[in-house]
Amino acid sequence: MNTYFAYGSNLDSEDWQRWCAEHGYSTNLLRPVERVEPVGGVYLPDHELKFSYYSAARGGGALNAVPRIGQAVEGALFEVAGNEGWAALHQKEGHPHRYSRTQVTIVDEGGHRFKAMTYLINQPDGGRFVPPAAGYVEIVRRGMQRLNLQTKFLDAAASNELIPPVTNSLFCYGTLMRGQSRFAHLAAHRIEQIFPATTCGRLVDLGEYPGMIEPLGHDSGTKVSGELFETGDISAVLPLIDDVEDFRGYDASDSLYSRRLVQADIGNDQPRLAWSYFYEGGDGSPIPSGCWRTHGGGISADW
């Protein structure tokens with residue numbers, strides 16, 4: 001695998017090229033991955049940024065991505081130039097003594113997922129906060145800005161503030177919608193707003209419930225209809241819904257559904273980022289309308 005997910009200083013090409021030149025490596029060892037269907041940012045799900053490792057070279061805290069359900073670390077995908085590229089990354093990241101190269105699942109805003117390698121510090125408790133040097137934060141910010149990534153999560157992490165969730169929204173299209181058999185699972189939590197919504201994808205009939213599968217393409221025109229739920233605390237809602245949808249984690253091979261990010265359109269030309277669940281099986285009959293309600297599925301109710 002030659003795909004690398006960067007979330008820290010390696011986002012900045014200037015800093016990367018400087019380091020490579022100083023250490024005798026070619027400066028052309030990382031190339032941004034040009035995805036066929038760019039639909040927005042790419043994320044490491046269920047993680048958040050934290051300055052939790054002291055770097056003598058940086059003179060302060062260095063970034064790590066630590067587990068947190070419902071959060072996601074935005075970054076960029078790069079193609080690594082073979083063994084020399086990995087050798088440079090290993091040396092720069094201090095693999096395996098400081099950071100360890102780890103295979104992770106990356107998701108984008110169009111419901112797609114990718115496998116990639118990244119570098120993480122093994123800190124099961126998240127690690128203590130180590131204040132970063134201002135110069136290091138500026139390098140990471142510069143890289144993020146050049147790649148049109150959000151910097152608010154970086155700023156919160158650098159100040160040791162509570163990092164806001166990447167989204168508090170959940171897109172549902174089946175039995176979790178209002179009037180359906182599992183709506184009570186959501187109604188028990190603080191639901192602030194509910195909007196009719198659509199997202200790119202395809203719907204299949206699995207009998208008592210539907211399943212959303214990946215769109216054929218971002219511009220294919222295939223849509224799934226559902227509802228967008230805005231919650232007060234998505235981190236409290238997702239573990240319960242993960243259980244309902246039999247999602248066992250991004251490294252599990254036996255999940256019935258996987259949780260990913262989508263752009264949900266509520267009709268005002270301002271798509272909202274939301275979590276949703278994609279069916280992992282290979283069966284099911286297509287629902288051409290993309291709508292579980294009009295297809296006749298589930299329970300009918302007035303609300």
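Q: What share of the residues in the chain is buried, and what makes a residue count as buried?
A: Buried residues make up 52% of the 303 residues in the chain. The word applies under 20% relative accessible area, while exposed means over 50% and partly exposed lies in between, with a 1.4 Å probe and protein chains only. A note on the source: this is a predicted model, so local features need pLDDT of at least 70 and side-chain atom pairs count only at pLDDT 80 or more, while totals for chains, interfaces and linings use all residues. Residues are numbered from 1 along each chain as its sequence is written, and side-chain values use heavy atoms, with hydrogens and water left out.

Q: Why is T151 called buried?
A: T151 has a relative accessible area of 18%, and because that is under 20%, T151 is buried. T151 is found in the loop between α3 (134-146) and α4 (152-158); helices (H or I, at least four residues) and strands (E, at least two) are DSSP runs, numbered from the N terminus.

Q: Which residues does T151 touch, leaving aside its neighbours within four places in sequence?
A: They are R141, M144 and Q145, where contact means heavy atoms within 4.5 Å.

Q: Is G24 buried or exposed, and how do you know?
A: G24 has a relative accessible area of 66%, which is over 50%, so G24 is exposed. G24 lies in the loop between α1 (13-22) and β2 (30-32).

Q: What makes E93 buried or exposed?
A: The relative accessible area of E93 is 11%; this is under 20%, so E93 is buried. E93 lies in helix α2 (residues 82-93). Setting aside neighbours within four places in sequence, E93 is in contact with Y4, N10, R98, Y99 and Y119. From E93 to G211 the C-alpha distance is 40 Å, and the two are 118 residues apart in sequence.

Q: How do you know that β9 pairs with β10 and with β14?
A: Two strands pair if DSSP finds at least two bridges between them. β9 and β10 have four bridges, in the antiparallel sense, and two bridges join β9 (residues 202-205) to β14, again antiparallel. D205 stands opposite P210 in β10 and has S285 as its bridge partner in β14, while V204 stands opposite P286 in β14.

Q: Which strands are called edge strands, and why?
A: Three strands form an open antiparallel sheet in the order β10-β9-β14. β10 (210-213) and β14 (285-286) are the edge strands because each pairs on one side only. β9 and β10 also form a hairpin with four residues between them, and G207 in the turn has a positive phi of about 100 degrees.

Q: How does the radius of gyration of the chain stand against that of a compact globule?
A: The radius is taken over C-alpha atoms, and the globule rule is 2.2 Å times the number of residues to the power 0.38. For 303 residues a compact globule would have a value near 19 Å; the chain has 21 Å, so the two agree. The C-alpha trace spans about 65 × 35 × 35 Å along its principal axes.
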